[in-house]
Amino acid sequence: MLSATSRSSASSLHLKSTRHFHRKPSPYTITLYIIALFALSIFIFIYYSKDILDIDDQHKPFSSQSHQLSDEQVQGALSSYGLHQCVEPTAKYKAALGSDHYITVRSNGGLNQMRTGISDMVAIAHIMNATLVIPQLDKRSFWQDKSKFSDVFDEPHFIRSLQGDIRIIRELPGELVSLPHARKHFTSWSGMGYFEEMKQIWKDHQALHVPKSDARLANNDLPLDIQRLRCRSLYHALRFTPPIENLGKKLVERLRLRAERYIALHLRYEKDMLSFTGCTYGLTDAESEELRVMRENTNHWKMKKINSTEQRIGGFCPLTPKEVGIFLQGLGYTSSTLIYIAAGEIYGGSTHLKELTSRFPNVVFKETIATEEELKELTNHASQTAALDYIISVESDVFIPSHSGNMARTVEGHRRFLGHRTTITPDRKGLVDIFDKMDSGLLNESSSLSRLIIKLHKNRRGAPRKRGGPPPGLKGRARLRFEEPFYQNPYPECICDSKVTTNSSHSA
């Protein structure tokens, strides 16, 4: 029990405290309280929003530069990062006259695999001091396209644009056609030393045939002039034919009439890709079996038995239409967003596609924005229709590939070259973990899901960075396969720091 003295003391303190509590605060004190509360609220807002604020204009997902930039605007977009295009040869550069040595090439793969392969062959012809004969396009691939080089590319422009680099002719001289030719499968990702050795072929032959053009040249450790020649070839010389270029620009304009901005979605949910990768998640048993049979019957596909679950967990499968829809919503895009599907026939047609269109109904294909008459000349010519997709993808406000194939990598590199236009590359491995948590009920579609997706892609939006090397721990030639491809990111050789000056002999 408290003593009388203690009770008296406590009572006295209580009275003093009560009198102090009921004292009316001064205006100065009230002002301080308000400022403190305001500062605290700002701190709390920033703290809980930092993951969103770190993303470029997350509340405005369309944050890329304007479309169809002029050369001055492109340089302006790059200069905003302190960068500029740099494809001009150095003062030491010399053209390859070709003399009486000739290289013939049969390109392989789809459109973009052939484009990058042809650009490599331009560089290789220069290294080997050879005349390049206009390459043959692949007519035996999955698409069975019979197009010739001149059906897809502006052949006169190609020859003219590179006349200061190498000699290019349309056909092998008649007197050499009947003579024995050397035939060589160049080793993938080879460097200067390898192709310097290949010059020995000229001692016994005037003509060399190369049956495959893809990934023959190394990504890194090549002379600066060779790397810049690759860029001049791909971005300047390998222009599509005027009819394809004009129709592509016309379709971009029609998209602009539908909406101020649009996403180009490379939805690689196509039969050949699903069969090749062995990805069957979300498919019926009948569909899975159809893809397995196709893989078994395609002789040049080496992998026959593939564990679909392992592929998906490893991030090696293209996102499904449903997964793309969740991904786009998580990034903050609204259902009214205009999405152009840059792809061929979606496997399963509307059955699978509706899993995307139920979330984003404003989805269009080239077939819905072009007339039958406009597309008639391109029918059954996959390379020519793929060229339209390429043009529309490069000019889009945002480009998103559902899988990292040849088109995805080449479009990304071109968009980097044109001012680092927004390219959002899905982290498929990370997304699969998120989707699986949703399937198991551990995560639902909410603001927390959006924060996870945004944070996961904070550094995957096409901002400037130098090309990446192989993953750590890899040695020997194995590391070359896993380097970031040159054409996916031509920085630093063809995109330069504006603070660094380079000597050049002429403007490309």
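The buried residues of helix α20 are covered by elements that include α13 (308-313), α14 (321-331) and α21 (447-456). This is a predicted model, in which local features need pLDDT of at least 70 and side-chain atom pairs count only at pLDDT 80 or more, while totals for chains, interfaces and linings use all residues. Residues are numbered from 1 along each chain as its sequence is written, and side-chain values use heavy atoms, with hydrogens and water left out.

**Helix α20**

- Helix α20 spans residues 428-439 and has 12 residues; helices (H or I, at least four residues) and strands (E, at least two) are DSSP runs, numbered from the N terminus.
- From its first C-alpha to its last, α20 reaches 16 Å, close to the 16 Å expected at 1.5 Å a residue; the expected span is 1.5 Å times one less than the number of residues.
- R428, G430, L431, V432, I434, F435 and M438 of α20 are buried; buried means under 20% relative accessible area, exposed over 50%, and partly exposed in between (1.4 Å probe, protein chains only).
- Just after α20, G441 has a positive phi of about 85°.

**Nonpolar cores**

- A nonpolar core is a set of buried Ala, Val, Leu, Ile, Met, Phe, Trp, Tyr and Cys residues joined through side-chain atoms within 4.5 Å.
- The largest such core has 80 residues, and I103, F158 and F186 have the most contacts inside it; contact means heavy atoms within 4.5 Å.
- Leaving out residues up to four places away in sequence, F186 touches M121, I124, M128, Y194, F195, M198, L208, V210 and R216.
- Another core, of 36 residues, lies apart from the largest one and has L291, C317, I341 and L443 among its members.

- N129, a residue other than glycine, has a positive phi near 50°, and its place is in the loop between α4 and β3 (131-133).
- N129 is partly exposed, with a relative accessible area of 31%.
- N380, also a residue other than glycine, has a positive phi near 65° and lies in the loop between α17 (372-376) and α18 (382-394).
- N380 counts as exposed, at 67% relative accessibility.

**The chain as a whole**

- The chain has 22 helices and 11 strands.
- Of its 508 residues, 50% are buried.
- Among contacts between residues at least 6 apart in sequence, 80% join residues at least 24 apart.
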